[in-house]
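This report looks at how side chains pack inside one protein model. Please have the sequence and the 3D view ready.

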Amino acid sequence: MSHPHDSLSLPSNWVRRYAPFIPKNGLVLDLACGSGRHTTFLAQLGYQVMAVDQDISTISQNHLPTVTARAMNLEGEDWPLDGERFSGIVVTNYLYRPYLDRLPEMLEGGGVLIYETFAQGNAQFGKPSNPNFLLKPGELLAFALNQGLKVLAYEDIYEEMPKPAMVQRICTVKGEQKGRIPLQFHG
């Protein structure tokens with residue numbers, strides 16, 4: 001449940017719900033981290049986090065000991081994260097299809113991908129409205145199945161909070177999930 005006082009700076013409920021599924025022993029990538037709301041949240045949960053974006057000025061000011069912030073062009077000619085490995089990858093409010101298939105390659109076995117962004121139909125509520133930045137119906141589900149990822153959860157819905165939007169989100173695991181984590185629903 002969202003509350004009206006929730007702001008865009010709080011971690012997404014989807015990320016909060018599924019972050020505990022990420023194995024604790026590795027590095028978590030916060031891709032296109034923006035101001036770092038999920039980087040901070042993951043660090044508070046005890047994860048080592050690599051926060052990546054073109055502008056990392058905001059996240060760099062936090063000086064969190066378990067966070068490495070790296071400024072990268074994620075839409076350049078070369079994929080800047082080649083060869084990197086992560087136990088978890090978190091992506092929210094970002095879509096750049098040319099490198100989408102690189103994400104599963106970077107996951108270690110048992111690694112978790114949490115992805116949430118805007119979907120078709122969002123234009124009626126404002127930005128983003130460009131189809132290049134909106135997921136097609138079932139796109140994340142098809143992506144996960146094509147990549148051989150096990151889908152733990154998926155939604156393609158209208159959301160009221162933090163602002164009206166069409167949203168698609170998925171949580172997947174590469175291979176078998178390590179350990180058993182009961183799903184916690186926090187009201």
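## Around Y115

Leaving aside neighbours within four places in sequence, Y115 is in contact (heavy atoms within 4.5 Å) with W14, V91, Y94, L95, L100, L103, L140, Q168, R169 and I170. The model is predicted, so local features need pLDDT of at least 70 and side-chain atom pairs count only at pLDDT 80 or more, while totals for chains, interfaces and linings use all residues. Residues are numbered from 1 along each chain as its sequence is written, and side-chain values use heavy atoms, with hydrogens and water left out.

## Two nonpolar cores

A nonpolar core is a set of buried Ala, Val, Leu, Ile, Met, Phe, Trp, Tyr and Cys residues joined through side-chain atoms within 4.5 Å. Buried means under 20% relative accessible area, exposed over 50%, and partly exposed in between, with a 1.4 Å probe and protein chains only. In soluble globular proteins, nonpolar side chains tend to be buried together.

The largest nonpolar core here has 29 residues, and Y115 is among those with the most contacts inside it, together with L29, L74, L81, I89 and L103. At least two residues of this core come from each of several elements, including strand 1 (27-31), strand 4 (86-92), helix 4 (102-106) and strand 5 (107-118). Helices (H or I, at least four residues) and strands (E, at least two) are DSSP runs, numbered from the N terminus. A second, separate core has 23 residues, among them F21, V49, I114 and C171.

## Aromatic rings

How many aromatic pairs does a search of the whole structure find? There are five. Rings of Phe, Tyr and Trp (its six-membered ring) pair if their centres lie within 6.5 Å; planes under 30 degrees apart count as stacked, over 60 as edge-to-face and the rest as tilted.

Y18 and F21 form a tilted pair, 5.6 Å centre to centre with 50° between the planes. Y18 counts as buried because its relative accessibility is 5%, and F21 is buried at 9%. Y96 and Y99 are also tilted, because their planes stand at 55°, with centres 5.7 Å apart. Y96 is partly exposed at 23% relative accessibility, whereas Y99 is buried at 11%. Ring pairs also link W14, Y18 and F21 into a cluster.

## A buried threonine

T172 lies in strand 7. Is T172 buried or exposed? T172 is buried, because its relative accessible area is 0%. Not counting residues up to four places away in sequence, T172 touches G111, V112, L113, A144, L149, K150, V151 and L152.
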